[in-house]
Amino acid sequence: MRAPPLLLLLAACAPPPGAAAAPTPPGWEPAPDAPWCPYKVLPEGPEAGGGRLCFRSPARGFRCQAPSCVALSTAGRSLRANVLRNRSVLLQWRLAPAEARRVRAFALNCSWRGTYMRFPCDRVLLGASCRDYLLPDVHDSVRYRLCLQPLPLRTEPASAAAPEPAECVEFTAEPAAMQEIVVAMTAVGGSICVMLVVICLLVAYITENLMHPAVRRPGLRRQA
């Protein structure tokens, strides 16, 4: 059975099995010779065809800094979800050089938990050179689950070509809009309190220095 053209294109981005081992990239960044990440958003359903092939540049130099970002890692610490306050999630993963040479693509499955069941959101097929993926427009206060599964090369023996288990990470996006409203209301409330204090001091100053001398002047004139 012939492999789909998409998998052949994604596998072309992976280093050949006999290539020399490249040094491990620093942190979670992809290799310097991987300027693009080919990916394809698959339609809902069991079929893997359809969709459009796209390319994105990797997020080099990204750092998750609080409070605008919250990083959640799996137990193996090879998959990390960076939950941003702009309602997007940057998913990052890393592989050892020996393991990366046996991967032709990555399968990413996204789902979110409802009241009684779990609903699928995105199914993405990513090239072997990809080390991150941006999931935009996540809903607030919804429990998401992202699972990443490496797909082995078809040239591997049947015993070693079995797909590795998927690694999953779960997160909940906090309502950033509500946080901004609370911050804005706090700032406005503080400004109103300062204005009230200034008005009270001004009224007290006017009462003490302008009203009382005007009342005492007739008494002073009678004594004279």
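The model is a predicted one, in which local features need pLDDT of at least 70 and side-chain atom pairs count only at pLDDT 80 or more, whereas totals for chains, interfaces and linings use all residues. Residues are numbered from 1 along each chain as its sequence is written, and side-chain values use heavy atoms, with hydrogens and water left out. The protein exposes about 14,600 Å² (Shrake-Rupley method, 1.4 Å probe), and 63% of this area is supplied by carbon and sulfur atoms.

Three helices and 10 strands make up the secondary structure, taken as DSSP runs of H or I (at least four residues) and of E (at least two). Their order from the N terminus is α-β-β-β-β-β-α-β-β-β-β-β-α. Of the contacts (heavy atoms within 4.5 Å) between residues at least 6 apart in sequence, 63% join residues at least 24 apart.

Four aromatic pairs were found in the whole structure, with ring centres of Phe, Tyr or Trp (its six-membered ring) within 6.5 Å and planes classed as stacked under 30 degrees, edge-to-face over 60 and tilted for the rest. One of them, Tyr 39 with Tyr 133, is edge-to-face, at 5.6 Å centre to centre and 70° between the planes. Tyr 39 belongs to strand E1 (residues 37-42) and Tyr 133 to strand E8 (residues 132-136), 94 residues apart; both residues are buried. Tyr 144 and Phe 171 are stacked because their ring centres lie 5.5 Å apart with the planes at 10°. Tyr 144 is in strand E9 (residues 143-152) and Phe 171 in strand E10 (residues 167-172), so this pair ties together parts 27 residues apart in sequence. Tyr 144 is buried at a relative accessible area of 4%, and Phe 171 is buried at 0%.

Terms used:
Buried < 20%, exposed > 50% of the residue type's maximum accessible area, 1.4 Å probe, protein only.
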